[in-house]
2 protein chains.
Amino acid sequence: MRKVFLFMDTICNKVDGKGRVSLPSDYRAIVKDLSSEIVCYRSLSLPCIEGCLEETLDKLAADIENSTDFFSEAQDNLTNLVFGDAKRFPFDSTGRIMLSEKLLKHAGITNEAVFVGKGRKFQIWNPENWAKEEARIRAEALKNRPSLKPKENE
Amino acid sequence: MRKVFLFMDTICNKVDGKGRVSLPSDYRAIVKDLSSEIVCYRSLSLPCIEGCLEETLDKLAADIENSTDFFSEAQDNLTNLVFGDAKRFPFDSTGRIMLSEKLLKHAGITNEAVFVGKGRKFQIWNPENWAKEEARIRAEALKNRPSLKPKENE
DNA sequence: ACAATAGCTATGGTATATCATGGGATTTTA
DNA sequence: TAAAATCCCATGATATACCATAGCTATTGT
């Protein structure tokens, strides 16, 4: 049986002078049975950081391994990019991680970081950029709404 | 094996100054075998809060995972909207949850909250808004009634 | 059939634990 | 040995857990 774990909610935390950020406690709770670290990498398409459990990347690797179709080759390349970029970030007893310059710069994060749950993954944004992105997504979703609610009448 | 559970009935409870509300005991009974928390998020289309079991959202996460690839943009937008907004709300031994400002504001809830069962999900409304919405739905249903019943059972 | 009672629910109030955050001390690395 | 990273403790704010009460429902007994 698979344990249910989902990264959820949107939380804004401070980044202090040393580059430290508190990982939201809900996020830690998900991880803490397995380990005390998460994996982060630069998003391929957006100016934000992506994070997940090492387990999730492991599953991605396994999927690529077992897939033989043509499209997997393209995905294989993307996967390489992710694995080349990804790094473990352990958090201390107070629940903080220290993000690297590279990641912070990619996301344009300085004083504050917004954690956005995405289910199996999460993202870390600069607050202003996230506000814009959220508005964009909501507008987009409103246009295509019917496709968003396949389970409504289950 | 799948356990039968349905959120049903319509119940109005008080919301105190801190934003605490008693989750209807019937709802709690459904959850308590699995955990002691529910998940709530803003409805995408209506001025109300939606609630369900984490399990239900987990199924959605799994569906998204299986129907789109890891790097899909569609997946990005959808997961951001749903999981970025959702949050776990644990209830204590007296059965209360504490709703966030964001949710209460979206639904226009101040003193009282109406819980409306919807099967696998439920909604939480401002009483006046719910009265209007219910009237609207009833009228709508009446218009379409003939198509709701199979002819042979007339 | 009616009254007493026991159990549960909703709700108000309060104490406790937890979280995010700041700062200092210690260790590591370049 | 200077700079950076890690660890540890302190603190204020906030959420959580717990206790108490009042009202309702169903049950029991006479």
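Which residues surround DNA strand D? Hi everyone, let's start there. They are A:K18, A:R20, A:T94, A:R96, A:M98, B:R20, B:D92, B:T94, B:R96 and B:M98, where near means that a heavy atom of the residue lies within 4 Å of the strand.

A quick word on the model. It is predicted, with local features needing pLDDT of at least 70 and side-chain atom pairs pLDDT 80 or more, while totals for chains, interfaces and linings use all residues. Residues are numbered from 1 along each chain as its sequence is written, chains are lettered from A and ligands numbered from 1 in written order, and side-chain values use heavy atoms, without hydrogens or water.

The surface near DNA strand D has two nonpolar, two polar and six charged residues; Asp, Glu, Lys and Arg count as charged, Ala, Val, Leu, Ile, Met, Phe, Trp, Tyr, Cys and Pro as nonpolar, and the others, Gly among them, as polar. Of the DNA strand D atoms within 4 Å of the protein, 31% are sugar or phosphate and the rest belong to bases. One base nitrogen of DNA strand D is 3.0 Å from a polar side-chain atom of A:R20.

For base oxygens of DNA strand C, side-chain N or O atoms lie 2.9 Å away in A:R20 and 3.0 Å away in A:R96. For B:R96, a polar side-chain atom is 2.8 Å from a base oxygen of DNA strand C. Thanks, everyone!

Methods: Polar contact = N/O pair within 3.5 Å; in protein donor to acceptor, adjacent residues only side chain to side chain.
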